[in-house]
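Colleague: Hi! Could you walk me through this one when you have a minute?
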Amino acid sequence: MAHTIEPAASGRAKCRGCGKPIAKDEMRFGERLPNPFADGEMTLWFHLRCAALKRPESLNETLQESATDIGDRQSLLKSIEFGLEHRRVEQINGVEKATAGRARCRSCREVISKGQWRIPLVFFEEGMFNASGFVHVACAARFFETTSILPYLEQFTEELLPEDLEEVKLTLDESN
Ligand SMILES: [Zn+2]
Ligand SMILES: [Zn+2]
């Protein structure tokens, strides 16, 4: 079966992109994939916004074919276009302060020290998002070839205080 865009039948399904529930009747994206553990297919549900950021290629296919009335189609298409032009941004899974100085940055290869801002990355494979390391926020420009990544940082971070957001913005501005 093809992917689908349809209203959520209940409020129970959680979005694979952000982990939060999808409200009943909200339009959602269902990505259908072969089930790696059994015969048949499985459907992964996403908020449209989360799908535009994390699964731009699949959502694009479906949006182009779907006549369904989607209020923010234009803004979704814009995010998709951006994601297709900058292929690594779909791996962004929020932003956080490093809790320990062990992981190395996937861009500069230096250790990310405790307290430095880092971006957790995920890699989509067989219907799962798997953790795949970190990059310094300060290395964003080189790694992602853009610093226009705030929507990704905000969408996939549980809680970003205004002062944290300011720090992240400053670090992004100085990123090279
Ligand atoms: Zn979501
Ligand atoms: Zn780095």
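This is a predicted model: local features need pLDDT of at least 70, side-chain atom pairs count only at pLDDT 80 or more; totals for chains, interfaces and linings use all residues.

Colleague: Metals first, then. Which residues hold the zinc ion (ligand 1)?
Modeller: Its protein donors are C15 (SG), C18 (SG), H47 (ND1) and C50 (SG), at 2.1 to 2.4 Å. Along the sequence these donor residues follow the spacing C-x2-C-x28-H-x2-C.

Colleague: And why is the arrangement called tetrahedral?
Modeller: Because the four donor atoms around the zinc ion (ligand 1) subtend angles of 99 to 119°. For reference, the ideal angle for four tetrahedral donors is 109.5 degrees.

Colleague: Where do C15 and H47 lie?
Modeller: C15 is in the loop between strand 1 (4-7) and strand 2 (27-34), while H47 belongs to strand 3 (residues 41-47), so the pair ties together parts 32 residues apart in sequence.

Colleague: Are C15 and H47 buried or exposed?
Modeller: Both C15 and H47 are buried.

Colleague: OK, on to the zinc ion (ligand 2). What coordinates that?
Modeller: C105 (SG), C108 (SG), H136 (ND1) and C139 (SG) do, at 2.1 to 2.4 Å. The site of the zinc ion (ligand 2) is tetrahedral, with angles of 101 to 118° among the four donor atoms. Its donor residues are spaced C-x2-C-x27-H-x2-C.

Colleague: Which parts of the chain does the C108 and C139 pair link?
Modeller: C108 sits in the loop between strand 4 (96-97) and strand 5 (117-125), and C139 in the loop between strand 6 (128-136) and helix 4 (140-144). The two are 31 residues apart.

Colleague: How accessible is C108, and what about C139?
Modeller: C108 has a relative accessible area of 22%, so it is partly exposed. C139 has 6% relative accessibility, so it counts as buried; the cut-off for buried is under 20%.

Colleague: Changing topic: how do strand 5 and strand 6 run?
Modeller: Strand 5 and strand 6 are antiparallel, joined by seven bridges. They form a hairpin with two residues between them, and E126 in the turn has a positive phi of about 50°. E125 stands opposite M128 in strand 6.

Colleague: Last one: how many residues are in the largest nonpolar core?
Modeller: That core has 44 residues, and L59, I92, I119, F144, I149 and L153 have the most contacts inside it. Helix 1 (residues 48-54) supplies the largest share, five residues. Domain 1 (4-84) and domain 2 (89-174) each contribute at least three.

Colleague: What is I119 in contact with?
Modeller: Beyond its neighbours within four places in sequence, I119 contacts several residues, including I92, V95, F134, F144, I149 and L153.

Note on methods
Residues are numbered from 1 along each chain as its sequence is written. Chains are lettered from A and ligands numbered from 1 in the order in which they are written. Side-chain values use heavy atoms; hydrogens and water are left out. A nonpolar core is a set of buried Ala, Val, Leu, Ile, Met, Phe, Trp, Tyr and Cys residues joined through side-chain atoms within 4.5 Å. Buried means under 20% relative accessible area, exposed over 50%, partly exposed in between (1.4 Å probe, protein chains only). Helices (H or I, at least four residues) and strands (E, at least two) are DSSP runs, numbered from the N terminus. Domain bounds come from an automatic or database domain assignment. Contact means heavy atoms within 4.5 Å. Donors are N, O and S atoms within 2.8 Å of the metal (3.2 Å for Na, K and Ca); water is not among the atoms, so sites may look incomplete. Four donors count as tetrahedral if all angles lie between 85 and 135 degrees; four count as square planar and six as octahedral if opposite donors are over 155 degrees apart and all others between 65 and 115; anything else is irregular. Two strands pair if DSSP finds at least two bridges between them.
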